[in-house]
Structure formats: structure tokens, C-alpha cells
Amino acid sequence: MTEGTTSTAAEGSDTLTRLEQEGEIAADYLEGLLDIADLDGDIDMDVEADRAAVSIISESARELQKLVGRDGEVLEALQELTRLAVHRETGDRSRLMLDIGGFRAQKRTELAELGAKAADEVKNSGEPVKLDPMTPFERKVVHDAVAAAGLRSESEGEEPQRFVVVLPA
């Protein structure tokens, strides 16, 4: 093995260890939150796409809906609070992704379909398509779906009114 390969493998291992640590800190924080709110839920931790991914799952999805809120607003706030808790412990900025009751997973599926549909529309009409304003997470999913369809897209506007424009090839 060459020295560069060893270094790269060590960096990958260090990154994985750091992300696992972020997940553990986040899980502890969220378990405390669930206890305070007197909600039942299990914490699942993973590492996806170079970020810690933490999910709260429960047999009673209705109970967890309180933590998702309307259009995921509470979920977004809890994700930011969890990232701050990780930052407080590690001193590093976290890109942790939080899902509650499968809300983000379902949203990801819907947004991928929206991106593919918009790409088809652009391919058929040859005209750009502007989508409604979205969160950064939502825009990322749409950009990925558009790229997978062989087209390109851009984000335009200012937060919170930033939106995706799907462009012809």
C-alpha cells in the first residue's frame, strides 16, 4: 500500500468516526427531548452521504407528528437545535440530517418525482420550468433528480423564497 492510500483510508476512517460521534451526541440530545416531551420513540443512527443521519421512529406515527409540525417546520427547527447540541459538544459545525417518523424519506420520494416530472416537461417544451420556493434540503433533492434525468437546474431568489429552475439541455 502506498503512503497516499494509507492516508486516504485513515481520513475516511476518521470522518466515519467523527460522524458516528455526531450521531451519538444527537441521539443523546433527542432522547432527552423525547423524555421531556413524554413521547415514545426509538432513535436510529446511520451515516449517509458524508453526514450523520438520525431518525426518530415510533409505532405511533401520529404521536411523532407533533415533532414534524406543519410542512416539517418543527422538524427543521429540531434539526437545527440538534446540530447546535452537536456543535456545543464537538466544536465543529454539523451537517447532521434528522428525520422523524419517515417524514423526510417520504418527502424525498415526492421531490424526486417532482424533479423528474419537471425535467420531462422541459424536455418536451424546450422551455425552463420554475418551481415553487423550497428549503435547501428540498432543492438538493430536486437538483439531484433533474441531473439524473440528464438536465441541469439552478437555484434562484433569496431565502426563504429561493426556488429551483429546471433548464433545457
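**Notebook: sheet, hairpin and helix packing**

I began with the open sheet, which has three strands in the order S4-S6-S5 and antiparallel pairing. I note that this is a predicted model. For the edges I found S4 (129–130) and S5 (152–156), each of which pairs on one side only.

I then looked up how S4 joins S6 (residues 163–167): there are two bridges, and the strands run antiparallel. I took Val-129 as an entry point and found Val-166 as its bridge partner in S6.

Next I checked which helices sit on this sheet. Helix H4 (residues 103–125) lies across S4 and S6 and runs at about 40° to S6. Helix H5 (residues 136–148) also packs on the sheet, where I see H5 touching S5 and S6. The direction of H5 makes about 160° with that of S5.

I turned to the other strand pair. S1 (residues 42–48) and S2 (residues 51–57) pair in the antiparallel sense over seven bridges. One of the pairs I looked up is Asp-46 with Ala-53 of S2. The two strands form a hairpin with two residues between them. In the turn I noted Ala-49, with a positive phi of about 50°.

Last, I looked at H2 (residues 61–68) against H3 (residues 73–90). Their axes come within 6 Å and cross at roughly 70°. On the H2 side I listed Lys-66, Leu-67 and Val-68 as making the contact, and on the H3 side Glu-73, Val-74, Leu-75 and Leu-78.

Technical notes: Residues are numbered from 1 along each chain as its sequence is written. This is a predicted model: local features need pLDDT of at least 70, side-chain atom pairs count only at pLDDT 80 or more; totals for chains, interfaces and linings use all residues. Side-chain values use heavy atoms; hydrogens and water are left out. Axes are lines fitted to C-alpha atoms, for helices over the stretch in contact, and angles run from 0 to 180 degrees between N-to-C directions. Helices (H or I, at least four residues) and strands (E, at least two) are DSSP runs, numbered from the N terminus. Contact means heavy atoms within 4.5 Å. Two strands pair if DSSP finds at least two bridges between them.
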